[in-house]
Amino acid sequence: MARYTGPKTRICRIFGEPILGNGKYLGKNSNPPGQHGGNRKRKQLGEYALQLKEKQKAKYTYGLLERQFHNLFEEATRRKGVTGEVLIKLLEARLDNTVFRLGIAPSRPAARQLVSHKHVTVNGEVVNTPSYQLKPGDVVGLKNKTSNNTALTSVIRGKNPKFNWLDWNEKEMKGVFISYPERESVPENIKEQLIVELYSK
């Protein structure tokens, strides 16, 4: 299954943000990676460079490679609404992202692993495709055998109350994807309009 397996802290230092969840080293060394990262004069980025950087940030944040991301953008252009906002909604509706948002897994890579190892169900059926697109009303839960595994359930932290497009039932260990989120509700620092402009060239 295609995914980024390179150094994570290096990516965080490129963007100056803990986009892969491990930002503890940014306080010690926030310079760009490389031997001369701290001494290099930072040039003013051009329009294309800013757009490309924003696309790369979105890809790394949600754990997609180029082809997957491009296909999702094409899907966003076919749907009604503002393309950039629709793209964010589709990214948030991915099964692995929803498992992470529900608090079932501590990170998106961990959520992706749970899904691909057949621990997660959608409407009672096992789904092992991290990119599976959820629809409003879909119920996400854990397989019966998994819900009895204390090693896996001990890391469940529960949903952040800010994610109002999701509902989490702690007793049943199930969550509901209520609706697609509004852009202002999604906390990711991504300027989606720059991505739209890049693909429109």
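The model is predicted: local features require pLDDT of at least 70 and side-chain atom pairs count only at pLDDT 80 or more, while totals for chains, interfaces and linings use all residues. Residues are numbered from 1 along each chain as its sequence is written, and side-chain values use heavy atoms, with hydrogens and water left out.

**Helix packing**

Helices (H or I, at least four residues) and strands (E, at least two) are DSSP runs numbered from the N terminus. Axes are lines fitted to C-alpha atoms, for helices over the stretch in contact, and angles run from 0 to 180 degrees between N-to-C directions. A crossing is left-handed if the near helix is turned anticlockwise from the far one by less than a right angle, and right-handed if clockwise.

| Pair | Angle | Axis separation | Crossing |
|---|---|---|---|
| α3 (66–78) and α4 (83–92) | about 125° | 8 Å | right-handed |
| α2 (47–62) and α9 (192–199) | about 115° | 8 Å | left-handed |

Angles under 35 degrees count as roughly parallel, over 145 as roughly antiparallel, 65 to 115 as roughly perpendicular and the rest as oblique. Helix α3 is oblique to α4 because of its angle of about 125°, whereas α2 and α9 are roughly perpendicular to each other.

Contact means heavy atoms within 4.5 Å. The α2 side of its contact with α9 includes Tyr48, Leu50 and Lys55, and the α9 side includes Leu194 and Tyr199. These contact residues divide into 8 nonpolar, 1 polar and 3 charged, where Ala, Val, Leu, Ile, Met, Phe, Trp, Tyr, Cys and Pro count as nonpolar, Asp, Glu, Lys and Arg as charged, and the others, Gly among them, as polar. In the other pair, residues of α3 including Phe69, Leu72 and Phe73 meet residues of α4 including Val86 and Leu90. Here the division is 8 nonpolar, 2 polar and 1 charged.

**The sheet**

An open, antiparallel sheet is formed by 5 strands in the order β2-β1-β3-β5-β4. Two strands pair if DSSP finds at least two bridges between them. Strands β2 (125–126) and β4 (166–169) stand at the edges with a single partner each, so one side of each has no neighbour in the sheet. Strand β3 (138–142) pairs with β5 over 4 bridges, and aspartate 138 has phenylalanine 177 in β5 as its bridge partner.

**Glutamate 188**

Glutamate 188 lies in the loop between β5 (174–177) and α9. Its side chain makes a polar contact with the side chain of arginine 101 at 2.9 Å. A polar contact is a pair of N or O atoms within 3.5 Å; within protein, one must be able to donate a hydrogen and the other to accept it, and residues adjacent in sequence count only if both atoms are side-chain atoms. Not counting residues up to four places away in sequence, glutamate 188 touches residues including Thr61, Tyr62 and Arg183.
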